[in-house]
Amino acid sequence: MLYLENPLLKLYLNLIGWVALGFFLGRLLPRSYSTYLAKFLFFFGTPLSIVAFIRSANLSGAIWKAPLIAWAAILAGGGLAWILINFGVGEERFKTLNPIAQNSPQHTSAWSLPTQGSFLLATMVGNTGFLGIPVTLSLLGSEHFAWALFYDLLGTTMGINILGVAIASHCGKSDRPQSWLRPLRAIFQNPALWAFGLGFVSRSLPLSPQIAELLTTGAWTVITLALITIGMQLSKLNSLHNLKPILACLAIKMLLVPLVIGTGLTFLGIAGAPRLVLVLQMAMPPAFGTTLLAEAFNLDRELAVTAIGLGCVSLLFTIPIWMRLFNF
C-alpha cells in the first residue's frame, strides 16, 4: 500500500489514529486510568523500549553533542521568552489578554510571576520522550535512536528536573518545602537512565532471534501505548485562554529555536539524519511535565495546558517543514 512506502504519511496515520483512540478512551474512562498507564510506561514500558532500541542504535560519531544541543535549545528558548516577557508585551496589552491580572494586588509588571513561570517552562522543554522518540523512530528508524535518546535523557530530563524546578520554585509557591537534592534525586531515580546503561552494556550480549524479535515487538508496543497515553492526557485539557501569548510561546519553541539552531548545526559538523533528529526533538510541543510543575508550584496551569494542546496540533503542520528544510 502507498502509505507503507511513505514514512511521513505512515507517521501521521499512527499519530492521529492512536492519539485519537487515546482521546476517545480518555473521555470515557476516569482520569486515574491515564495516570496508571503513564506510570506503567515510566517505570517499565519506556525502559524496555530503550533497552531494545539502544542495542541496535548507532553509537558512533559525535552523539555526545546531542545533550549539548538540547541545553542550547533550552537556554535559547528561555532567553527569548525572557526577552518577550520583559520587552515584548506591554502591560496594558497583557491585561486585555489576561483580565484577572488587572485586579491582582500582587501584579506589579506586565506578566504575573506564575504566568512568567509557565511561559518560560513551555518555551524551554518539549515532549521529547513520549512524542519525540516515536516521531524519530517512525521517520528515521532505530539506527539514529541514540541521538534522540541522548537529547531526551541528558537534555530535556535534566533540564526540567534542574532548571525547570528552579524556575518553578522562583515563580510559584509550593505547599511543601523544596530540597536542593530533589532534582538530582529525580534524575538518578529515573528508570530510563538505568535502562540506558543496561542497554549499552548488553549491546555485546547475543540474543536468540526469538527473544530479539519479542524485545523489538514489545518496544514498538510501548511506543503505541505512549501515543494512546498522550491522547488520554489531551482529552483532559479544556483550556483555551490567553491565545496570543501561547502562540508566541509555540512560535519560539516549535519554529524559531529549531530553525536557528538547526541551521547552525551544519557549522558544527552535524548533518544528515542526526541533524534532522535533533531538529525534530527541538521542535516538539511543550512537555506534559510543565503542567506537573505548574500544579506543584501554583503556576499558571491554564497557560501550560493550552500550550500543550495547541502544540500537539501544530506538530502535524511543522513536521513537514523540518523534513523539507533539513532532509538529507
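How do the residues of the lining of the largest cavity divide into nonpolar, polar and charged?

What we have here is a predicted model, where local features need pLDDT of at least 70, side-chain atom pairs count only at pLDDT 80 or more, and totals for chains, interfaces and linings use all residues. Residues are numbered from 1 along each chain as its sequence is written, and side-chain values use heavy atoms, with hydrogens and water left out.

Okay, empty space. Rolling a probe the size of a water molecule over the atoms shows where empty space is left. On a 1 Å grid over the protein atoms alone, a cavity is a set of points where a 1.4 Å probe fits but cannot get out, and lining residues have an atom within 4 Å of a point. Volume here is the space filled by probe spheres set on the points, with grid points joined across faces, edges and corners.

This structure holds 3 cavities of 30 Å³ or more. The largest has about 110 Å³ of space, and its lining includes Leu41, Ile50, Phe130, Ile133 and Val222. H3, H7 and H11 each give two or more residues to that lining; helices here are DSSP runs (H or I, at least four residues), numbered from the N terminus. So, back to my opening: the lining divides into 9 nonpolar, 3 polar and no charged residues. Nonpolar covers Ala, Val, Leu, Ile, Met, Phe, Trp, Tyr, Cys and Pro, charged covers Asp, Glu, Lys and Arg, and the others, Gly among them, are polar.

Next, the second largest cavity, at about 80 Å³. Of its 14 lining residues, Ala73, Met124, Tyr151, Lys253 and Met282 lie nearest the centre. H4 gives the most to this lining, with 3 residues, and the classes come out as 8 nonpolar, 5 polar and 1 charged.

H7 (residues 128–140) packs with H8 (residues 145–171) at an angle of about 165°, their axes 9 Å apart. Axes are lines fitted to C-alpha atoms over the stretch in contact, and angles run from 0 to 180 degrees between N-to-C directions. The two helices are therefore roughly antiparallel, a label for angles over 145 degrees.

Methods. Parallel < 35°, antiparallel > 145°, perpendicular 65-115°, else oblique. 1 Å grid on protein atoms, 1.4 Å probe; cavity = no way out; pocket = protein on both sides within 12 Å on 5 of 7 lines; lining within 4 Å.
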